[in-house]
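Subject: Structure handover and notes

Dear colleague,

I am passing on the structure that we talked about, and I would be glad if you could read the notes below with the model open beside them.

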Amino acid sequence: MKKLRILFTGIALLCGTMVRADEPHTTVTELQKNEKWWGGNIGMALKMPFISDTQETFNTIESDRTLSAPFLVSSTGRYIWSEYPFSFELNDGKLTVQSRFENVNTAVGGRTLREACLIALHRVSPPSGTTPALELFTRPQYSTRLELGLNQNQEGILEYAAQIKQHDFPEGTLIIDDGWQSSQGDWKFRPGQFSNPEQMIEELHAEGFKVMLWVSPFVSPDSPKYWELADKGFLLQDKRRNKPVILEWRDGYSACYDLTNEEAYNSLLTELKQLQEQYGFDGYKFYGGKSALYDEDYITSSNETEALSVDYTAAWAKLGTEFPFNETHASWKMGGQPLVQYLSDKLTIEEELASIVPEAVAAGLMGYAYISPGMIGGERLKKEEEPTPSLIVRLAQVQAMMPIMQFAGAPWKMVTGEQLEYCRQAALLHVKIGGYIAQLAQESAQNGAPIIRHMEYEFPKKGFADCTTQFMVGTKYLVAPILDGSDKRTVRLPNGQWKDDKGRIFKGPLVMEITVEEGRLPYYEHIVK
């Protein structure tokens, strides 16, 4: 028996009292002819669209791709939404949904994927009307993650910014990563590493950079801050031992703010705003918040609703919306909010290239328009194998057409010669189309439409439901990147006239095989008469 079973373990917003049923609520829906589904969790993107004969089994708590929502949408115009996590399976022409909390029913949102997506999101996760800072979309971002590691320091950051300009890369947003602070949870610049952080920020601004700081909800257990927060009851509690819990995460072991506690949330928000006002930087990168870290026994949930691990994810993501310059690494039910959602780091550059388009288009269908697909160069601090320069180039090229383009470290330390020039050209291409992306971001804030669009969304019922290697940027650009180590691919053009990146005109519908030299990103502008 062929079956797809997917379990949501994401986070519910705190709304009303709800308790689990002794037996799960079950709803069975007959699948329509050729009906295909998207949604749930970004970690499932490579398996989308979900169809009746899919054979895989999934459990999203095992995934580190924690952009999620209790939302499914279909190619025939139907959708499913719940306020709470649910599981589902596709089997023998039926979609079976199970919830521990409520009956979850299928609704009709139109006749196509686009109609269902827009109608559903307006009903259940309406656009906020505001965007993250538009500068995030118009210029590249440069993380200090690989450049300085945990040795963040004023001299190194200023030198990195100078090198960006010396290599003729466009100024953008500089993200000062983990290691700038004196200890986790104590938001002070390390005195031995930063002689005058206010002056550093002023110099970076004068050179044309915006500046963001890395923050997390974690608190060093051997710091004075820990005891201050513990006395106030602002830390996640191990209720079985009646003491703050110590969590294991990337940097070791730490206590953690309980952001489902309203007082703790407001206290951290006040601290972050005061820190920004003191030093004059522009915003924050919010690391952490993945629901897999948080046992439900640790969470207080201030309005008496049953605590879920994903309540924490929602609270952490909400904190990000308080700052126009933001980025968060985990979200639940935050579609339509003015929040840049980082999709996730990958173990290898090959994995990142393979997943970048499926994840980006799935995110858009789930209501997350303002995506950062990942850092070019990835998480390589503890890796032995370096990605090949040609794959770095291909990743830079595809990110050039995404809402956010972010380098993990100095491009000239990852590639050299012609390949460095190709990466620079990709950064300049991002600047070139940045105004259009910012326009799409503003439109999305009003109408909920994705910026990065699945081909089936933009051209419904034209045979694009299974197209996972090309995408649309708004209505204007069709992008067909190289997503592996080859130099060939198939391009499928819909009906109409299309001008490629070399200025050649093609008339669709058309399927063609192309050879793509290393310095080229194939994209096609839709010519509207």
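A word that comes up throughout is "buried", which stands for a relative accessible area under 20%, while exposed stands for over 50% and partly exposed for anything in between, with a 1.4 Å probe and protein chains only. Please keep in mind that this is a predicted model, in which local features need pLDDT of at least 70 and side-chain atom pairs count only at pLDDT 80 or more, whereas totals for chains, interfaces and linings use all residues. Residues are numbered from 1 along each chain as its sequence is written, and side-chain values use heavy atoms, with hydrogens and water left out.

Let me start with the strands. Helices (H or I, at least four residues) and strands (E, at least two) are DSSP runs numbered from the N terminus, and two strands are said to pair if DSSP finds at least two bridges between them. Strand β10, residues 173-176, is covered on both faces, with Thr173 and Ile175 buried on one side and Leu174 and Ile176 buried on the other. It pairs in the parallel sense with strand β9, residues 141-143, over three bridges, and here Tyr142 stands opposite Leu174. Strand β10 is also joined by four bridges to strand β13, residues 210-215, again running parallel, and Lys210 in β13 is the bridge partner of Thr173.

Next comes the interior. A nonpolar core is a set of buried Ala, Val, Leu, Ile, Met, Phe, Trp, Tyr and Cys residues joined through side-chain atoms within 4.5 Å. The largest one holds 145 residues, of which Trp180, Met401, Phe471 and Val473 touch the most other members. Helix α12, residues 417-447, gives the largest share of this core, with 11 residues. Another core, of 16 residues, lies apart from it and includes Cys467, Leu493, Phe506 and Ile514.

Now for the charged side chains. Side chains of opposite charge can pair when their charged atoms come close. With a salt bridge taken as a side-chain nitrogen of Lys or Arg within 4 Å of a carboxyl oxygen of Asp or Glu, the count comes to 24 salt bridges. One of them joins Arg145 and Asp177, at 3.9 Å from N to O. Because Arg145 lies in helix α3 (residues 145-148) and Asp177 in the loop between β10 and β11 (181-183), this pair ties together parts that are 32 residues apart in sequence. Arg145 counts as buried at 5% relative accessibility, and Asp177 is buried as well, at 1%. In another salt bridge, between Glu322 and Lys318, the closest N and O atoms are 3.7 Å apart; here Glu322 is partly exposed at 26%, and Lys318 is partly exposed at 41%.

Asp500 and Arg520 also meet in a salt bridge, at 3.5 Å from N to O. This pair links distant parts of the chain, with Asp500 in strand β29 (residues 488-500) and Arg520 in the loop between β30 (505-515) and β31 (523-527), 20 residues apart. Both Asp500 and Arg520 are buried.

With best wishes
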